[in-house]
Amino acid sequence: MTIREQTEELERKTLSSFATLASETKGRVRPDEPCPIRTDFQRDRDRIIHCKSFRRLKHKTQVFLSPEGDHYRTRLTHTLEVSQIARTIARALRLNEDLTEAISLGHDLGHTPFGHAGEQVLDEICPHGYRHSAQSVRVVERLENDGRGLNLTWEVKNGIACHSSGKEAETLEGRIVRYADKIAYMNHDIEDAVRAGVLREDDIPWDLKYLLGRTKSDRITTFITAIIENSSDNIRLGQEMQDAYNKLNRFLFDAVYTNPSAKGEEGKAQTLLRYLYRYFASSPEKMPEEYQKIAQQEDLDRAVCDYISGMTDRYAVAVYEELMIPRAWGI
């Protein structure tokens, strides 16, 4: 019996009856030879961690554009915090932690530069529309690995596709990630907003502080505990905590996500992306060869959207400067 088979047997014996077993995966589009050591979900996790799109997350905005300090979250650190929260819940509920981790690590691979400001502008410009969850699936299916994709299992792709809004994931592990994503960003966005001087801890409504706790750690622990206590055949917070969760999200929308002090530069970022989109749509030969192939095989707008959405913040700025800013004359 291989190590993988031993792990799969251990899953069958120890995980909840509601868990998704690696040995019962719906599989991949292209069958792979089984790994003697890792289960299919562990292989998916490793493929995501080693892909280029995952590395680029370190230079993509979470909330604050191009922060000067080293301690503000990026899209990568957000992803790691989501993974930690989701794995804690999955382990406590005896669900599949490997599947949960793979979904968590892949959920934002398709996010644009400049956070949701970038997502909004691509959704407006691209005829296909734009949702980062759908783009994350496209990254792992089509764009990574020189156009071959990562060939992930159906369960991981389903969890990635359903992590944000709309239809729920088919697996409980995927549903955990949807909650973990919001729990992570609401709480770390509070911390970043306080650091930036956009928000004070005293601004948080007193009833939320009373119910959830006064610190980031307290709030995260409260939400995690509520999910563990209220979940079995589905993932739930319980009505009181769900109401608090919704209220905290609305508070952050008003106090941070639409705050002019925090979002004052987003108009510039959107203008930059609009220019890049128009430029590459009119000059597709200026894009890297892999995106020119997509333009030929699919369509031009799809290719331009893929190229721009994959850019980091600083790369998008560098390309814009190269196109728009005159170079100094060298002697």
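For pairing, I count a salt bridge when a side-chain nitrogen of Lys or Arg is within 4 Å of a carboxyl oxygen of Asp or Glu. The model is predicted, so I take local features only at pLDDT of at least 70 and side-chain atom pairs only at pLDDT 80 or more, while totals for chains, interfaces and linings use all residues. Residues are numbered from 1 along each chain as its sequence is written, and side-chain values use heavy atoms, with hydrogens and water left out.

**Entry 1: overall build**

The C-alpha atoms fill a box of roughly 70 × 55 × 35 Å along the principal axes. Of the 331 residues, 54% count as buried. I use buried for under 20% relative accessible area, exposed for over 50% and partly exposed for in between, with a 1.4 Å probe and protein chains only.

**Entry 2: pairs around helix H2**

How many salt bridges does the structure hold? I get 32. One of them joins Arg28 and Asp40, at 3.4 Å from N to O. Arg28 sits in the loop between helix H1 (3-14) and helix H2 (40-49) and Asp40 in helix H2, so this pair ties together parts that are 12 residues apart in sequence. Is Arg28 buried or exposed? Arg28 is buried, at 13% relative accessible area.

I then checked Asp32 and Arg47, which form a salt bridge with their closest N and O atoms 2.6 Å apart. Asp32 is in the loop between H1 and H2 while Arg47 is in helix H2, so parts 15 residues apart in sequence are tied together. Both Asp32, at 32%, and Arg47, at 21%, are partly exposed by relative accessible area.

Next I looked at Asp192 and Arg73, whose side chains meet in a salt bridge of 3.2 Å, N to O. Asp192 lies in helix H9 (residues 172-195) and Arg73 in the loop between H3 and helix H4 (75-92), so the pair ties together parts that are 119 residues apart in sequence. Asp192 is buried at 2% relative accessibility, and Arg73 is buried at 8%. I also noted one network of salt bridges with shared partners, joining Arg38, Arg45, Asp46, Arg87, Arg91, Glu97, Asp98 and Glu101.

**Entry 3: two loop arginines**

Arg214 is in the loop between helix H10 (206-212) and helix H11 (216-230). Arg214 is exposed, with a relative accessible area of 54%.

Arg94 is in the loop between H4 and helix H5 (97-106). At 45% relative accessibility, Arg94 is partly exposed. Its C-alpha atom is 8.6 Å from that of Phe18, 76 residues away along the chain.

Terms used. Helices (H or I, at least four residues) and strands (E, at least two) are DSSP runs, numbered from the N terminus.
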